[in-house]
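Hi,

Here is the model I promised to pass on to you. Please open it next to this email, and my notes follow below.

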Amino acid sequence: MEVSKKLSAYLTKLNTIRTTAIKSVKSESPTVKTFTLEDDICSKANPGQFLMLRIPGIDEIPLSILNAGEGQVQFSVKAVGDATRHLHNLTTGDLLGLRGPFGTSFTETRGRVLLIGGGTGTAPLLFLAKRLAAKVDRLSFVIGAKTKNELLYLTELDAVCTDESAIATTEDGSYGLQCLATEPLEKLVDKQKFNMIYTCGPEKMVKSIFNFAEKRKIAMEASLERLIRCGIGLCGSCMIGKYRVCRDGPVFTMARLSEVKDELGMSKLGFDGSRIEV
Ligand SMILES: Cc1cc2nc3c(=O)[nH]c(=O)nc-3n(C[C@H](O)[C@H](O)[C@H](O)COP(=O)(O)OP(=O)(O)OC[C@H]3O[C@@H](n4cnc5c(N)ncnc54)[C@H](O)[C@@H]3O)c2cc1C
Ligand code: FES
């Protein structure tokens with residue numbers, strides 16, 4: 001009874017909207033900015049978890065945590081629509097609301113790990129890589145983008161890799177290898193036995209990595225995106241198979257990815273409740 005009371009008080013605390021001023025804003029690329037906020041609760045988040053950010057008068061959106069600690073939390077935002085564009089126009093001192101952190105986090109393994117990030121999906125993986133860097137035998141990172149100026153965090157990624165540098169791929173060949181982020185996978189895995197693959201990014205990329213990891217029998221964890229509204233497992237807008245991404249994810253293990261593989265990279269629920277292509 002005492003335990004469940006404590007848990008319920010803790011969950012209520014996470015779900016209470018806190019108002020905080022933007023501490024700093026940094027441009028990462030022409031379309032992505034990183035925001036730093038002060039928030040004690042989110043500063044204790046683990047890699048893979050997300051927060052719900054309220055942009056006053058506009059909307060509330062889910063964002064992965066890029067960094068947390070010392071009373072602060074950071075996230076990167078790509079301007080894609082109403083809420084994210086509005087957020088890009090805000091600056092130091094402007095007020096935001098936040099709830100969280102919510103959801104599952106990546107399992108921190110040892111040995112040899114491979115991380116593959118696409119677009120802003122690289123954010124939670126960089127947070128994870130910083131935690132793993134001192135503990136693993138090998139940390140390889142592949143990052144993919146359509147073009148050079150969309151590649152994020154290159155300097156930080158090089159610093160956490162045990163390889164000479166992170167492997168960058170662009171679809172137009174403007175930087176690194178000209179291919180999809182999934183292409184270097186086969187060669188890397190042929191050369192080195194990895195204990196774990198972590199990934200986050202476009203779902204078709206995640207699906208292709210899942211198919212590869214399943215075939216080669218390598219453990220894998222992926223962070224998935226769905227339409228997240230309540231963030232606490234109540235509304236059902238984020239369902240994939242029998243799971244709620246906000247509560248049972250966003251990080252899914254290989255076993256759970258296997259259970260939802262028919263939906264993975266295929267379809268999801270849209271704002272009006274109808275099924276749309278991923
Ligand atoms: C767990 C999770 C982590 C995320 N992490 C990041 C991140 O670190 N950085 C980042 O830039 N983006 C992240 N996103 C995506 C981000 O939430 C959407 O880009 C944002 O909600 C778009 O809002 P908008 O009003 O600007 O765009 P809209 O015009 O509303 O929509 C643009 C696109 O974003 C999708 N979207 C809109 N609202 C939501 C929502 N509530 N939940 C999920 N998708 C939505 C729409 O389906 C559409 O494809 C994450 C999403 C999830 C589910
Ligand atoms: S967002 Fe409401 S159940 Fe997941």
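Ser27 stands opposite Lys33 of strand E2, and the bridge partner of Lys26 in E2 is Thr34. These pairs belong to strand E1 (residues 18-27) and strand E2 (residues 32-38), which run antiparallel to each other over five bridges. Together E1 and E2 make a hairpin with four residues between them. For the terms: strands (E, at least two residues) and helices (H or I, at least four) are DSSP runs numbered from the N terminus, and two strands count as paired if DSSP finds at least two bridges between them.

Before I go on, some housekeeping. This is a predicted model, where local features need pLDDT of at least 70, side-chain atom pairs count only at pLDDT 80 or more, and totals for chains, interfaces and linings use all residues. Residues are numbered from 1 along each chain as its sequence is written, while chains are lettered from A and ligands numbered from 1 in the order in which they are written.

Back to E1, which also pairs with E7 in the antiparallel sense, over four bridges. Arg18 stands opposite Leu98 in that strand. How many of the ten residues of E1 are buried? The number is zero, so E1 lies largely in the open. Here a residue is buried if 20 or more other C-beta atoms lie within 10 Å of its own, exposed if 12 or fewer, and partly exposed in between, with C-beta atoms placed from the backbone.

Both pairings are part of an open sheet of seven strands with antiparallel pairing, in the order E4-E3-E7-E1-E2-E6-E5. Its edge strands, E4 (59-64) and E5 (67-69), each pair on one side only. On average, neighbouring strands of the sheet are turned by 35° against each other, direction ignored; axes are lines fitted to C-alpha atoms, for helices over the stretch in contact, and angles run from 0 to 180 degrees between N-to-C directions.

Now to the domains. The assignment gives domain 1 (2-102) and domain 2 (112-277), with bounds from an automatic or database domain assignment. Taken over C-alpha atoms, the domain centres are separated by 21 Å. To the contact between them, domain 1 contributes 20 residues and domain 2 contributes 18 residues, where contact requires C-beta atoms, placed from the backbone, within 7 Å. On the domain 1 side, strand E3 (50-55), E4, strand E6 (72-78) and strand E7 (95-102) each supply at least two residues. By class, that side has ten nonpolar, seven polar and three charged residues. The classes are Ala, Val, Leu, Ile, Met, Phe, Trp, Tyr, Cys and Pro as nonpolar, Asp, Glu, Lys and Arg as charged, and the others, Gly among them, as polar.

Where does ligand 1 lie relative to domain 1 and domain 2? Both domains give residues to the shell around ligand 1, so it lies between them. The shell holds 23 residues, and the closest are Ile61, Ser64, Gly81, Ala83 and Thr84; a residue is near the ligand if its C-beta atom, placed from the backbone, lies within 6 Å of it. The elements giving two or more residues to the shell are E4, E6 and helix H2 (82-88). E4 has the largest share, five residues. By class, the shell has twelve nonpolar, five polar and six charged residues.

A few backbone details may also matter to you:

- The peptide bond from Gly100 to Pro101 is cis, with omega near 5°, and Pro101 sits in strand E7.
- The peptide bond from Gly249 to Pro250 is also cis, with omega near 10°; Pro250 lies in the loop between helix H7 (245-248) and strand E16 (251-253).
- Tyr153 has a positive phi, near 60°, though it is not a glycine. This residue is in the loop between strand E9 (138-145) and helix H4 (154-160), and it counts as buried because 24 C-beta neighbours lie inside 10 Å.
- Lys217, likewise not a glycine, has a positive phi near 55°. Its place is the loop between helix H6 (203-215) and strand E13 (219-223), and with 7 C-beta neighbours inside 10 Å it counts as exposed.

Lastly, Lys242 lies in the loop between strand E14 (239-240) and strand E15 (243-244). Lys242 is exposed, because 9 other C-beta atoms lie within 10 Å.

Best wishes

Conventions: Two residues are in contact if their C-beta atoms, placed from the backbone, lie within 7 Å.
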